[in-house]
Amino acid sequence: MKKTDTPTTEVIEVPIDEKKEQSPTPPSLVNNADTDPSERYDDVYTDYIPNTIVSAEKEKKFYQFACQNKITLRVYILTNRIIRFRYALKGKFEKDFSYAINPAFKAKKVKSAFIELDQFYIIKTKELICKINKSNLSITIENKEGKTLSKNARFSARSTILKGLMDVRMTKKAFAKEQFLGLGDKSSSLNLRGETCVNWNTDSFAYGEGSYQLYRTIPFYYSLNKGLAYGIFMDNSHHSTFDFDSATKGETSFFTNGGEMNYYFIYGPELLSITQQYHQLTGVPELPPMWALGFHQCRWSYYPESRVREVAAEFRKREIPCDAIYLDIDYMDGYRCFTWNKKYFPDLKKMSDDLMDDGFSTIVMIDPGIKEDEDYFVYKDGIEKDMFCFRSDGNVMVGPVWPDECVFPDYTKPEVRDWWADLYEELYAKEGIAGFWNDMNEPAVFKVHAKTFPDDVLHDYDGQGGNHKKAHNIYGMQMTRATLAGLKKFQSEQRPFVLTRATYSGGQRYAAVWTGDNVATWEHLRLANRQCQRLSLSGFSFVGTDIGGFVDSPSPELMTRWVQMGIFHPFYRIHSMGNNVDGAAEVHDDVKAQEQNNRQDQEPWSFGEETAQYCKTAIELRYRLLPYLYTAFHENVKEGLPILQSLTFYDQTDKKLHGVERDFLFGKNILVSPVVEEGTKKQKVYLPKGDWYDFNTGKKYAGQKTASIKTPIDQIPFFVKAGTVLPLHPIRQHTKAPLEVLHLHIYPGNNTSQLYEDAGQGYDYQNGDYRLTIFESKLTAKQLTITTSIEGNYKAEYKSIQLHLHGINAKSISIGGKKVDSLEIKNMFKTLKIKI
């Protein structure tokens, strides 16, 4: 490097003979400084590249390998399929600490063999063979059959005098046909091959396709090659980059600008098995309250109270189901969190109670930016108790968000989280607010290009210490952790609802997510579809989008198709910017200038009566599907199964599914084919193995074939897997309304399906007050037999069960050996036989 050069993050890579998987011993340290001590440089860098292993030891919890130049590797065998790798530059490891890993996760006692060969050290489990090259610490992983999964994973790092550690990297071979999936909310194609993706939580207003720096950091991806899959989770909260062979050199890499290289290798070989193991590592959410799965209506902003009541009344008048109404930032008193504008909402408690009586839960926004105001109780108390973030010069971090001057709590400090939790008492326990929406928590800062804190802001990091480079990506996650703790503290008998924009891996334990400030275009409808699939596969199943687009106004057709697709997204909410174009333009340079009269509201009836009816029909279908969706949530919590799945995860051996992005699985037994192109009258759907029934027409289709499906504007195509017993509710205006009957739709075939039921609120289910019904369907040429097994003690409120038969002409029906004439029964059957 010349005296005037600026150091780059280019790592000196050591050539490796792939046949021998070894190389000449590299120098222990490489730097750009001349030997003349009188010379001065803009900066001096040092590259760390492992050389010959000089010691290998088996410790109680890990294997440790130290190189001649002190670079050290620890290998933890957590299960037969999960191996953790940690690297230390000079033999000294950081304290083992993670916000991502579920505190309940415990490594299993695994028998492993440790073998030394001439060129390698080998660690074997029942499922994996880990080969560590003695000459350069590179790692190759094979399955027990000896098939190579990951080849030549090489560690390197760079530090400089002025910047410190700035590049911590793993580089490994990318096989010719290897696919890469996952990585959270990225807006690119589902297969990330050829892409470079950045993880740095960013207020990404009106983002587009290929905008990789979005709201969340989930450094977890899947690899699929020749039918075998593994996952990589790099647990490092710094700014990170994942390069999936973007230079087409046959290499992929992941690297950060600080911290420790700490990653988990998770072997399938099935993709879904990796998802489940990742959930074991990072945790699952609690079961949400049933009302949170209903339809939600939001905009920036509903005020005053009369407007909120008007919107609620219109839903009930039109008999469009709805369970929640949101209050955006304008409900506050001058953007002061935990307050409300008494002029707009003179009696917040009465309004929220009245709405609740009519089936509406009230949800409000809370941001991290606390207005700098000596007379504001949150600011005053926080300053007195040192609750806010400080800069390295000892001053409190101050920056503009909605107020021009804000301070920000340090949620990485336990005392701050406790203090923040207590702030929810009045709104949640006294004023009747049912849920909270944590926004702007990347954290967002207006008016600066970086859109966030400077790096020199300091954080407690639960006693570990660190600057904002380290804490940025977990800031929103820790905010939601504190929020959830407050809700559980003040109404411990109720299941809480928290929604967040920013988070990190493991944040699914605390909050639901949505995809952020999208745009009312057909492109964004397609992005919403891909992002929700990807987030669900990355641990965040409770996910949705701003239906219709936050920015701009959708056409009636686009609005209809978005509301239809949203049926099958676990979080179901319309949200828009409303007429706040001028307000948005003040803080976002990329807002297009437009007149306010070009905007319109985005309630289901805002696009004419015909569109209102289409939206109503779609929302009614969502309410009918609630028992199926609630069961899928149970499967997510208990089994770690994602609620949304890309079709590759259904059958990774079927190459025709690998390029499918539009169609997806909703739960285990429904395949959705949303309409995502303007003017579509029909579309082709490739159905995976098994038989499938068109829900709208009842027609049966064979799997592994392409079907041509009509797409009338009032319907969304979706298919039910043969052998499924599909539970549906009658249409209700909200989830708190009485439930009189359960509908069971029977689709002949061989399959297993479930129905999970409980009170939909509270925690009695944890003490056995639930009912899990498992349906086993077996079809022969002459008879369909369905047997049930039931677990739990819950007694449902409905008085009857209505059976519906599809694709079958029944000669006779018997329940428990007795013939029946009616398809309406009083209690769940143990054995149902239908002669055909």
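**Cavities, pockets and packing**

Modeller: Searching the whole structure turns up 9 cavities of 30 Å³ or more. A cavity here is a set of points, on a 1 Å grid over the protein atoms alone, where a 1.4 Å probe fits but cannot get out. Volume is the space filled by probe spheres set on the points, with grid points joined across faces, edges and corners. This is a predicted model: local features need pLDDT of at least 70, side-chain atom pairs count only at pLDDT 80 or more, and totals for chains, interfaces and linings use all residues. Residues are numbered from 1 along each chain as its sequence is written, and side-chain values use heavy atoms, leaving out hydrogens and water.

Colleague: How much space lies in the largest cavity?

Modeller: About 240 Å³. Its lining has 22 residues, and Pro285, Glu286, Tyr510, Ala511 and Phe542 lie nearest the centre. Lining residues have an atom within 4 Å of a point.

Colleague: Which elements each supply at least two residues of that lining?

Modeller: β31 (512-514) and α12 do, for the largest cavity. Helices (H or I, at least four residues) and strands (E, at least two) are DSSP runs, numbered from the N terminus.

Colleague: And by class, what does the lining of the largest cavity have?

Modeller: 15 nonpolar, 4 polar and 3 charged residues. Ala, Val, Leu, Ile, Met, Phe, Trp, Tyr, Cys and Pro count as nonpolar, Asp, Glu, Lys and Arg as charged, and the others, Gly among them, as polar.

Colleague: What about the second largest cavity?

Modeller: About 180 Å³ of space lies there. Its lining has 17 residues, with Trp402, Asp439, Met440, Asp517 and Phe550 closest to the centre. The lining of the second largest cavity splits into 9 nonpolar, 2 polar and 6 charged.

Colleague: On to the open ones. What volume has the largest pocket?

Modeller: About 960 Å³. It is lined by 32 residues, and Leu78, Arg84, Asp96, Phe105 and Ala107 are the closest to its centre. A pocket is an open set with protein on both sides within 12 Å along at least five of seven lines.

Colleague: Which elements give two or more residues to the lining of the largest pocket?

Modeller: β5 (72-77), β20 (262-267) and α7. The largest share, 3 residues, is from β5. The lining of the largest pocket divides into 15 nonpolar, 5 polar and 12 charged residues.

Colleague: How many residues line the second largest pocket?

Modeller: 34 residues, with Trp291, Lys736, Ala759, Gly760 and Gln761 nearest its centre. The volume of the second largest pocket is about 620 Å³. At least two lining residues come from each of α3 (348-357), α6 (425-430), α12 (626-639) and β45 (751-757). The classes in the lining of the second largest pocket are 18 nonpolar, 8 polar and 8 charged.

Colleague: Switching to helices. At what angle do α5 and α7 pack?

Modeller: About 50 degrees, for α5 (residues 414-422) and α7 (residues 468-490), with the axes 8 Å apart. That makes α5 oblique to α7. Axes are lines fitted to C-alpha atoms, for helices over the stretch in contact, and angles run from 0 to 180 degrees between N-to-C directions. Under 35 degrees counts as roughly parallel, over 145 as roughly antiparallel, 65 to 115 as roughly perpendicular and the rest as oblique.

Colleague: Which residues in α5 meet α7?

Modeller: Arg417, Trp420, Ala421 and Asp422. Their partners in α7 include Met479, Arg481, Ala485 and Phe490. Contact means heavy atoms within 4.5 Å. The residues of the contact of α5 with α7 divide into 6 nonpolar, 3 polar and 4 charged.

Colleague: And α2 with α3, how do their axes cross?

Modeller: At roughly 0 degrees, and the axes of α2 (residues 305-318) and α3 come within 11 Å. The two helices, α2 and α3, are therefore roughly parallel. Glu305, Val308, Arg309 and Ala312 in α2 meet Lys350, Met351, Asp354 and Leu355 in α3. That contact of α2 with α3 has 4 nonpolar, no polar and 4 charged residues.

Colleague: Last topic, the backbone. Which peptide bonds are cis?

Modeller: Gly268 to Pro269 is cis, with omega near 5 degrees. Pro269 lies in the loop between β20 and α1 (271-282). A cis bond also joins Tyr303 and Pro304, with omega about -5 degrees. Pro304 is in the loop between β21 (295-297) and α2.

Colleague: Where is Asn152?

Modeller: In strand β11 (residues 148-160). Phi of Asn152 is near 55 degrees, a positive value in a residue other than glycine.
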